[in-house]
Structures are given as C-alpha cells and as structure tokens.
Amino acid sequence: MHEYAVTESILEIVKAEVRQAGGGRVSMITVVIGELTSFASESIEFYFETLARGTVAEGAWLEFRPLEAIASCGGCGGSFTPGPRHVLLVCPDCGSAAYDFVQGKEFYIESIEVSA
Amino acid sequence: MKIEVKKNVLQNNDLAAARNRSRLAGKRTAMLNLMAAPGAGKTSAIIKAIEGTRDSRALAVIEGDITSEVDSLAIEALGIPAIQINTGGSCHLTASMIGAALDHLDLDNLDLIIVENVGNLVCPAEFDLGESARVTISSVAEGHDKPLKYPLVFREVDAVVINKTDLMPYCDFDLAFFRDAVERLNPDAHVLRMSCRDGSGSEEWCRWLMNSVV
Ligand SMILES: Nc1nc2c(ncn2[C@@H]2O[C@H](COP(=O)(O)OP(=O)(O)OP(=O)(O)O)[C@@H](O)[C@H]2O)c(=O)[nH]1
Ligand SMILES: [Mg+2]
Ligand SMILES: [Zn+2]
C-alpha cells in the first residue's frame, strides 16, 4: 500500500535529476531493492504508469535490481547470505545467532538513462 | 546518457526523521514508536504506560489512524495531551506527519512522547519517524508464528510485548516458540508479557519504559 507514496518519491527524484542534467526524456530507471525490505516492485510499476503520465519519465522502463541480504556474524566475524526463504537462522560456520545484516535493507535509485 | 543517482528513495522521510530526532534530542524528550497489527492492544498498552508512569514522567501521545479520533479521545479523557493524525488511507505514519504533530506539543515540558502507529505489521517498520525507541506488540490470539511472517518489524524493535496473556487458556499460543523466534531475529530485544485486561505485567512494562526509554 505504501508503494504509492514511494513511487511519487521516485518520480520526484528522477525529475529533479533530469532537470539538473539539462533535460531530456527518461528511458530507464534502475532501482535497487534490498531483499529485507517489503516494497513490491509490481505495485511500484503499477503506480508509476499512472503517475509518470505527462512527465519526462512517461513510459520509462523500471529496472529493479534486487540486492541479497548479507549477514555479518558476531560469533566468528565471518559473513553469510541467508537467502530470502530463511529468516531464522544461525551462522553456518559457527552456529551463532548473533548476526547483523550489513546488506539487504537498501532502497535507492541507482541510475537513470536519459535520451535527448 | 546515463545519470548516476545513488539516492535513497525514502530520502525525504529520512531527512524529516533526522530533523525530528535532533529536535527531540535538543529538548531532551524521548519518543517511542509503537507498531502492531490492528487490535493487538496498542492503545491499551499506552493507557497502562500512562497510568504507571504519569507520577514521575510528563507524557504526550500521538495517535496515527487511517481515520477517526477514537484513540486520541481515549487518551485525552485521561488528561494527557493527544494529537490525532489521520493518514487518510495511508498505511503508516511518516516523519513529516510527526514533525507537524510536534509543533502542537509543548516539548519543553515533556519527557516522553508515545506514537501509536497505524495498525499494520508491515509498512510502519520501513519508515523512520525520528523516534528514540521502537516497540511492537503481539497479542496471543494472533498466533505464535508472527515473528516468522513479519520479520522486519521484530528485527527493528527494542522490545516485544506479548499482550492478552489472559487469553492463553483459549489460544494455542506457543510461548517458547515465539520467544525462540524473537530471540533469533533480534537477540537484543527485551520480551515482556502483559495483559491489559487483568493488569499483569504492566508494572514490568512501565519499569522497562522508565529504565530504557525515558
Ligand atoms: N482479553 C484482552 N483484551 C484486550 C487486551 N488488551 C486489549 N484488549 C482488547 O482488544 C481490543 C483492541 O485493543 P486496542 O488497545 O484498542 O488495540 P489497538 O492495537 O490500539 O487497535 P487499533 O488502534 O484499532 O489498531 C479492545 O477491545 C481491548 O479491550 C488484553 O490484554 N486482554
Ligand atoms: Mg489503537
Ligand atoms: Zn559465525
């Protein structure tokens, strides 16, 4: 449900970046979504189609790049990748449950492809 | 032409949250973000917190609901300032909504602001409000598997309150399973048991608030 506001925010950033770059039409927006977040790319696409109408980003392709979660273990200092299907786990090397995620909560616009 | 952007999609919210956080730190006012499913007992737990801490702490409450003033009226009836935010359909509070609400509170004379987020176990966890502490409530009738199904919120909080323990005899809530799941997701989280109905555990809840939050 919050994807509406999120899509508005994406558009706002894109419009400002294009303005700063001197204008043009946006053909592609690359968005990085960490797998620990709850943003649904299908909903963003859905809202984008409507919200982008009449803007420099109308019809642009949204490229979503998922970023896997990486945990750093407090027990042995190693790091591991839990995978999206396993929320509860222990370090495969030492069995410790004291881990912190060092990657996977990201949600940012990586780049915009603009044509004149 | 490719423009490298590298900008956080939630940057506006994060900026507003940072503003709220420094404003509150400047006033030495703590803010607690309470997130839980609809009906888990957020308002009831806030009322317990008011009853148990009001003698020594100056409190205010910010109520987030899609619509209605039911919750803020309940708090005001206790003589505690309450600001109602109606999100008008949005499933979570944002930092700028909180910023606007703070304008209506006497921050110089407040120790703690409790924010009741919109009843929802998913979206609120994604939006920093500028709070100094986060709590989630799980009521036993919701089932012991909630940490597995909604890991984000359980991972982000300082404390997990298990509410409605008076209903234990009527539910198949597996306390050990729940505790183990929380422990693995968030070993630092403090887990408390409470019944807002019979009052058990509310002393510990208030003690935790006064020791760890404000
Ligand atoms: N049996 C029992 N009922 C409770 C307990 N705590 C709250 N309730 C009841 O559960 C219902 C919901 O409680 P609220 O405190 O309004 O829950 P909430 O999370 O604020 O709900 P929303 O704001 O609508 O999301 C009310 O009817 C409460 O009386 C409890 O410990 N035991
Ligand atoms: Mg409520
Ligand atoms: Zn390890």
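User: Is the crossing of α1(A) and α2(A) left-handed or right-handed?

Analyst: The crossing of α1(A) and α2(A) is right-handed, where right-handed means that the near helix is turned clockwise from the far one by less than a right angle, and left-handed that it is turned anticlockwise. Helices here are DSSP runs of H or I with at least four residues, strands are E runs of at least two, and both are numbered from the N terminus. Please keep in mind that this is a predicted model, in which local features need pLDDT of at least 70 and side-chain atom pairs count only at pLDDT 80 or more, while totals for chains, interfaces and linings use all residues. Residues are numbered from 1 along each chain, chains are lettered from A in the order in which they are written, and side-chain values use heavy atoms, without hydrogens or water.

User: What angle do α1(A) and α2(A) pack at?

Analyst: Helix α1 (residues 3-20) and helix α2 (residues 41-51) of chain A pack at about 55 degrees, with their axes 9 Å apart.

User: Which residues meet there, between α1(A) and α2(A)?

Analyst: On the α1(A) side they include Y4(A), I10(A) and L11(A), and on the α2(A) side they include Y47(A), F48(A) and L51(A), with contact taken as heavy atoms within 4.5 Å.

User: Switching to rings, how are F46(A) and Y47(A) arranged?

Analyst: Their ring centres are 5.4 Å apart and their planes lie at 70 degrees, so the pair is edge-to-face; rings of Phe, Tyr and Trp (its six-membered ring) pair if their centres lie within 6.5 Å, with planes under 30 degrees apart counted as stacked, over 60 as edge-to-face and the rest as tilted. Y4(A), F46(A) and Y47(A) form one aromatic cluster.

User: Is F46(A) buried or exposed?

Analyst: F46(A) is exposed at 56% relative accessible area, whereas Y47(A) is partly exposed at 23%; buried means under 20%, exposed over 50% and partly exposed in between, using a 1.4 Å probe and protein chains only.

User: What does W208(B) touch, leaving aside neighbours within four places in sequence?

Analyst: W208(B) is then in contact with V135(B), D158(B), A159(B), H190(B), L192(B) and V213(B).

Key. Axes fitted to C-alpha atoms, helices over the stretch in contact; angles between N-to-C directions.
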